[in-house]
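Please look over the sequence and the model shown here before reading on. The report below is meant to be read alongside them.

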Amino acid sequence: MKHLLLATAISSALLLTACSEPQTTANNNTQTEQPTTAAEVQQANPLFVKSVLQYQTPDFNAIKDKHFMPAFNKGMTEQMTEVQAIINNAAKPDFANTIVALEKSGELLTRTRSIFYNLAGSDSNQTRREIQKELAPKMAAHNDNIFLNKALFDKVAAIHAQSETLALSAEETRLLDVYYKRFVRAGAQLNDQQKQQIRDINTKHSSLTTQFSQNLLALTNSNVVLVADKALLDGLPAGQIEQLANAATQAGHPGQYLIKITNTTRQPILAMLKNRELREKVWRASAERALSGENNNREIVAELAQLRAQKAKLLGYDNWAAFGLESQMAKKPEAVFDMFASMIPALMQNVNAEAAAIQAKIDASGEQFKLQPWDWLFYAEQVRTDKYNLDENAVKEYFEFNRVLEDGVFFTMNRLYGITFKPRTDIPVYHPDVKAYELFDADGKSLAIFFADYFAREGKRGGAWMSSFVKQSGLKEQKPVVVNVMNIQKGATGEPTLISYDEATTIFHELGHGLHGMFSKVKYPTLSGTSVSRDFVEFPSTFEEDWAMHPEVIANYAKHHETGEPIPDELLTKVIQSRSFNQGYDTLEYVAAALLDMEWHSLAADAPLQDIEKFEQQALTKHGVNVPFVPPRYKSAFFSHSMGGGYSAGYYAYMWSEILAADAFAYVQEQGGLSREMGDKYRKEILEVGNSRDLMESFKAFRGQEPDTSALLKRRGLKATVQ
């Protein structure tokens with residue numbers, strides 16, 4: 001990647017954004033009926049057959065919790081029968097009778113899994129949590145039964161060895177290579193004793209990651225701050241105080257005020273609370289969660305890191321980071337550490353300057369304390385006000401949720417790609433807050449079904465994400481059914497939902513992921529949509545973010561929720577200029593978390609179990625980023641990206657992907673900006689092809705060259721410094 005690791009460039013890249021990390025439902029989905037007999041369940045189970053709804057969209061009116069385990073069990077049995085048929089086939093192994101057969105296998109299991117795990121993340125209940133625990137070791141064993149099967153691997157390896165003589169298409173060659181590497185990385189080349197060790201690790205690992213996630217989900221309800229005295233909420237707008245009162249009443253605490261803890265260490269409410277003791281209480285509820293009590297993740301984190309290191313050693317790698325990054329664009333942990341090391345000197349200069357300005361504000365107010373983490377956001381907001389005279393609540397008046405979505409995000413996607421989103425009130429949804437849309441192309445052709453699930457509620461894990469109920473596949477003649485999930489706090493009853501500019505950009509971001517899934521146009525489901533490396537998958541989503549501030553776009557959606565008047569130029573200018581404010585803090589909290597992730601997964605297999613708080617301090621100090629008043633965005637006990645599994649040794653990917661996104665967005669602006677011509681090119685070369693070809697080749701097909709960090713610097717209004 002051109003100039004990627006040059007300190008003269010990266011050291012000034014001080015801003016990044018990222019996805020966060022998934023009880024009552026509609027249609028009686030959470031009811032826990034007594035199980036019927038196996039025969040009755042099998043006869044009535046809607047998961048046993050493809051949904052008859054458009055594009056196999058799940059029929060949430062028919063699906064009940066009692067249907068899942070019978071469908072999982074039957075699905076695993078069916079797939080193993082299909083796999084055994086591949087093994088028993090006496091014909092010479094070839095692409096069709098082995099690789100394509102594997103792609104077609106497990107239809108019931110895939111359908112059940114996609115529905116269940118989406119609901120478990122966005123609309124959990126006790127029954128679903130129990131199912132997750134039961135499934136974790138079963139699914140791990142099922143996966144091992146396929147990818148550790150010597151007879152099956154021998155067939156795949158034989159085909160892979162002669163791939164150059166098979167006259168395969170480029171996509172077929174890619175799929176064969178993906179399958180071969182998947183078997184090898186699973187441990188298919190190990191001896192029987194080593195395979196059993198892998199199986200044991202996988203079983204334990206799956207149970208621990210499930211428990212880790214369920215502990216955090218449980219804490220979303222129990223780890224809250226209750227306030228009895230309204231006066232302590234001084235600084236909050238009246239509407240937000242009403243929301244806290246409603247939340248307390250719903251939780252069984254009428255007359256009090258309930259502050260929920262969001263998924264990151266940073267708590268947005270700290271920017272407004274004047275009472276310092278309450279700020280500290282809120283901060284500690286966030287930063288110290290999952291360290292003690294019934295939902296303790298302390299030992300789980302240490303054991304997960306050790307298990308991953310042991311598995312990596314069995315597979316021939318020094319540590320889990322080396323194993324994980326081999327299949328990513330970064331390739332080696334050293335590339336990631338070098339990237340961050342080149343940033344840190346300039347980053348710390350920014351942080352120290354910001355901290356000095358905040359301490360000066362504290363001193364000027366007559367207070368006699370030194371800056372603490374629960375003080376930063378409150379006083380930073382005052383410094384921001386002094387510098388830009390910007391009232392965030394006044395800004396929100398121009399960012400009404402529905403207008404942002406429809407006149408901002410949907411408008412932009414129409415201008416870029418010619419697509420339209422049409423509401424589908426006839427399609428069942430899994431919660432009243434969820435809306436269904438059908439996506440149409442410029443020529444009127446239907447492309448996909450899209451579910452929009454944007455509001456926070458009990459039973460939904462924190463953060464924002466995209467997932468699929470049905471993946472696109474030419475082989476299976478499937479069109480995609482995609483969902484975007486966020487945790488926006490709804491307005492009080494009868495009031496509009498006003499959101500921050502950051503939340504607006506996150507809606508753009510997540511639909512970038514959504515379009516990556518819905519525009520997919522490949523034959524094989526293993527390669528479709530977002531099935532790309534972690535340090536590429538955030539590129540298409542980050543690319544869409546900057547459209548939120550594009551002049552033509554923001555003029556279309558940033559209008560006062562009562563008067564309809566456009567956001568004043570003066571206020572908009574302040575919003576744009578203020579984006580560079582506090583970026584030392586924003587970037588350091590991300591970098592610290594990413595380095596924690598890398599350090600946990602750089603442990604050797606023989607390293608002892610770690611005390612997670614001591615480990616955090618040592619890791620941060622090692623890299624010169626142990627700044628008490630700027631804690632990591634996620635601490636280890638609630639670091640779902642890293643410890644939940646999906647982004648282990650991969651949280652760095654947001655910065656890596658941002659380099660791609662910045663360069664691509666700058667190129668589009670050079671070529672005319674918001675236009676169908678550029679949108680169609682981007683769609684064709686990036687969004688439609690999934691993982692059907694080398695990812696850098698896809699980028700170059702669009703951009704014409706490898707990415708350059710200079711675009712990121714320009715995007716941030718920064719200059720590279722020569723050292």
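What follows describes a helix and its surroundings, a helix crossing, and some individual residues.

This is a predicted model, in which local features need pLDDT of at least 70 and side-chain atom pairs count only at pLDDT 80 or more, while totals for chains, interfaces and linings use all residues. Residues are numbered from 1 along each chain as its sequence is written, and side-chain values use heavy atoms, with hydrogens and water left out.

Helices here are DSSP runs (H or I, at least four residues), numbered from the N terminus. In helix 27, which covers residues 695–703, the buried residues are L695, M696, S698, F699, F702 and R703; buried means under 20% relative accessible area, exposed over 50%, and partly exposed in between, with a 1.4 Å probe and protein chains only. Viewed down the axis of helix 27, these residues fall within an arc of 155 degrees, so they line one face of the helix, the arc being that of the directions from the helix axis to the C-beta atoms. The buried residues of helix 27 pack against helix 8 (170–186), helix 19 (534–545), helix 25 (653–670) and helix 26 (676–687), where contact means heavy atoms within 4.5 Å. At the start of helix 27, a side-chain oxygen of D694 reaches to within 3.1 Å of the backbone nitrogen of M696, and just after the helix G704 takes a positive phi of about 90 degrees.

Helix 25 also meets helix 14 (residues 333–364), and the axes of the two come within 11 Å and cross at roughly 75 degrees, the axes being lines fitted to C-alpha atoms over the stretch in contact, with angles running from 0 to 180 degrees between N-to-C directions. Helix 14 and helix 25 are therefore roughly perpendicular to each other, a term that covers angles of 65 to 115 degrees. On the helix 14 side, A335, M339 and M343 meet M655, W656 and I659 of helix 25.

Most residues other than glycine have a negative phi.

| Residue | Phi | Loop |
|---|---|---|
| A290 | about 65 degrees | between helix 11 (276–287) and helix 12 (298–314) |

Q56 counts as buried at 19% relative accessibility, and A290 counts as buried at 4%. By contrast, E677, which lies in helix 26, counts as exposed at 62% relative accessibility.

How values were computed. Polar contact = N/O pair within 3.5 Å; in protein donor to acceptor, adjacent residues only side chain to side chain. Parallel < 35°, antiparallel > 145°, perpendicular 65-115°, else oblique.
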